[in-house]
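Let us walk through this structure in short steps.

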Amino acid sequence: MLTLPDARTRKTLGLTLTLIFTVLTCAALGSTPDMGRILATIDRMGDFGARDFSAVMTVITEDPVKGLEKMVVRQFRRDRENKFLMLIQQPEANKGQGYLQDGDNLWFYDPQSRKFSHTSLKESFSGTDAKNSDFKKTSLADDYKVASYQQGKLGQYDVWVIDLEATNNEVTYPYMKLWVTVDNNLVLKTEDYSLTKRLMRTSLFPNYAKVGNTYIPRTMIFTDELVKGKKTQITLTEISIEPLPNSVFTKSYVERVNR
Amino acid sequence: MWHPKRLILWISVLIVIIQSAPAFAQEDLFFHGSVIEELDEGQGTALDRDLLMGDILELGADLGLDLSTSLIWTDTRSQISGADLKSNLSLDARPSRDLRLFAKGLLTISTSSGQDEPISSEFRVTELFVDSNIGDRVFFRAGKQTVNWGVGYFMSPADIINIARIDPQNPEAQREGPLSLKANVPAGSHNLYLYIISDGSLSREGLALAPKAEFVLGKSEVGVGGFLKKDCAPRAMVTLSTSLGKTAVFGEGVLSYGSDKRFIVYDPESPFGIAVVDRDDEFFVQGTLGFRHTFRDEEGHFNLSLAGQYLYNGEGYDDAKIISQNPIAIGFFLNEGSLSHADLASPGKHYVAASASWAKMFRSDVSTTAFWLGNLSDGSGMANLSASWSPSTYVTGSIGLTKTYGGSGTEYARYGESVAAYARLSLKTQGFYWRVAR
């Protein structure tokens, strides 16, 4: 006849099984992940360091009112000096408009008035769903702290789903949710939230280019969650990490290339 | 037979499936192939050169037509209607990376019910300059050009270089600049400039020297400059542009020894009781402070822009009534040439300008703007309310109401207070460009 173990034995058995399950789970995951380190790795992987970066961006905006709009932009980045330059090439009506970032300063150049004016990284990039801050190197480890995380799946990829809270007021979004691949720390998706934790924007990064040790999203899809049907897709081509002259990141260059 | 509870359950399941459809669509992107594409490090060429060496020649033109009619009420009522046909013509030649010639002109053909001649035409060269550099370190621009000098939005006391002053009602319009040689040396984040400005002649008397340095300090840019010209008051200026959150803040300060203006003073010995004098051995201070702020709500229904600016004009009059109360004497001084109209410009000591605009109201094609400019010294000013409708990039219709106020002879109500109502229709084409490839 089968007899049940006594209560003390059952408790010991239960604790042992829980321990074994926890150990096996940790083993399966490798170990408890250090989310701060993952954020720092994301920042490092997208940093061109000593190299310069240039590319052509094709920006397609789908607006339920305006329809489809196309914009072509030249992008230049020098991460080691925290600088970027974006020059609009198309459409003709916006040609020559430029965004020059130098550290904490961002200037907008208007070729009509020939004037530079201070603007903010938090502003939309030329009326699209992209923000000016989307084009500089990321600083997630400095700007956010991890509120919570869990493991999940996005398509065929095992991902960490990480909830972030901003640590300063300089960021574009105070709350973010990231979907980061477990095996190589690539951000595949983000959700950006307002101060009231309202979902403002969903961003997808389905394709990365690896140049040297640096990863740059080659396709970005930004969906405006407040205006139904509005989204922006950005595709990078002609990617180069050839050195750029110092003069590219100057007001003088922006003036010279303009008509 | 369907039980109601089962029907509700199936509908709920269907709703969940429909709602989660976009999520599946998003995830589809991450089901196929690798997310990483490895690029050869050596591939691609830096994209900076072809911007400077793209087409060897580009000729451009655009065309715009403005139709307007205004009803003006002063003591009487009058109506003015007109049409302006405008075309910007440009030439951009880039024979080499280090040499560029640019020219731009504006052709205007106007007709107005208020003009003596039924049709008038004008062609004006707005820009004509050559760009070059030494070793990509010192950059030159020589010729007629708009000069970036001063950071004020509605008013810029520091900017005495550009020929045209800022139009406070259209502060972002390009202004006509002088004939000058600009040398620019970027130094890291900072910039050094030297302008040699000509008033048309190349004699020593006709040339002015204006050095300027722009420093980036944290989130701010500080400019320090000077202006020197024979027989003109020497000036030193400092500018600041920065941002507080999403608000752009700007300021200017100018110190001059003497003034280029002539002043009217009370003089009991003069038959008019007033006289014209120079004040060449006094210091004058001018200063301005302002802000610009944009706000856009989450849905894009409220796209608001606010701007405000205060100006202290040390070259203005403490008692601006000296001008408004002596029209006969001032007319005499103007006629005999001892006083010019430039001497009478900006007679107030304190000015304020402000605007509030609501663009694309509730995501429509309609925008509204309110604008106010006031001379606090003589109590005159103007206010404007306008609404515009822009169904496409090429068509804009607008209506507005402008009121000037103040006593007769004051700056903005010289001939008494007035109210004007206007309607305007603007049509324009996109630019047409003809290019010669390298």
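Thr247(B) has a relative accessibility of 18%, so this residue counts as buried. Buried means under 20% relative accessible area, exposed means over 50%, and partly exposed lies in between, with a 1.4 Å probe and protein chains only. The model is predicted: local features need pLDDT of at least 70, side-chain atom pairs count only at pLDDT 80 or more, and totals for chains, interfaces and linings use all residues. Residues are numbered from 1 along each chain as its sequence is written, chains are lettered from A and ligands numbered from 1 in the order in which they are written, and side-chain values use heavy atoms, with hydrogens and water left out.

Stay with Thr247(B). Strand β13 (residues 247-257) of chain B holds Thr247(B). Strands (E, at least two residues) and helices (H or I, at least four) are DSSP runs, numbered from the N terminus. The side chain of Thr247(B) makes a polar contact with the side chain of His293(B), at 2.6 Å. Such a contact is a pair of N or O atoms within 3.5 Å; within protein, one must be able to donate a hydrogen and the other to accept it, and residues adjacent in sequence count only if both atoms are side-chain atoms. Leaving out residues up to four places away in sequence, Thr247(B) touches Thr242(B), Phe291(B), Arg292(B) and His293(B). Contact here means heavy atoms within 4.5 Å.

Now take Leu207(B), in strand β10 (residues 207-217) of chain B. Its relative accessibility is 29%, so Leu207(B) counts as partly exposed. Among the residues that Leu207(B) touches, not counting those up to four places away in sequence, are Ile196(B), Leu202(B) and Lys229(B). Gly406(B) is 199 residues from Leu207(B) in sequence and 40 Å away in space, C-alpha to C-alpha.

Step back to the whole of chain B. This chain has five helices and 23 strands. Its C-alpha trace spans about 110 × 65 × 50 Å along the principal axes. The radius of gyration of chain B is 28 Å, whereas a compact globule of 438 residues would have one near 22 Å. That radius is taken over C-alpha atoms, and the globule rule is 2.2 Å times the number of residues to the power 0.38. Of the 438 residues of chain B, 39% count as buried.

Next come the rings. Phe205(A) and Phe222(A) form an edge-to-face pair, 6.4 Å centre to centre, with 85 degrees between the planes. Phe205(A) lies in strand β11 (residues 199-211) of chain A and Phe222(A) in strand β12 (residues 214-224) of chain A, so the pair ties together parts 17 residues apart in sequence. Both Phe205(A) and Phe222(A) are buried.

Phe263(B) and Tyr317(B) also form an edge-to-face pair: 6.0 Å centre to centre, 65 degrees between the planes. This pair links distant parts of the chain, 54 residues apart. Phe263(B) is buried at 1% relative accessible area, and Tyr317(B) is buried at 7%.

How values were computed: Rings of Phe, Tyr and Trp (its six-membered ring) pair if their centres lie within 6.5 Å; planes under 30 degrees apart count as stacked, over 60 as edge-to-face and the rest as tilted.
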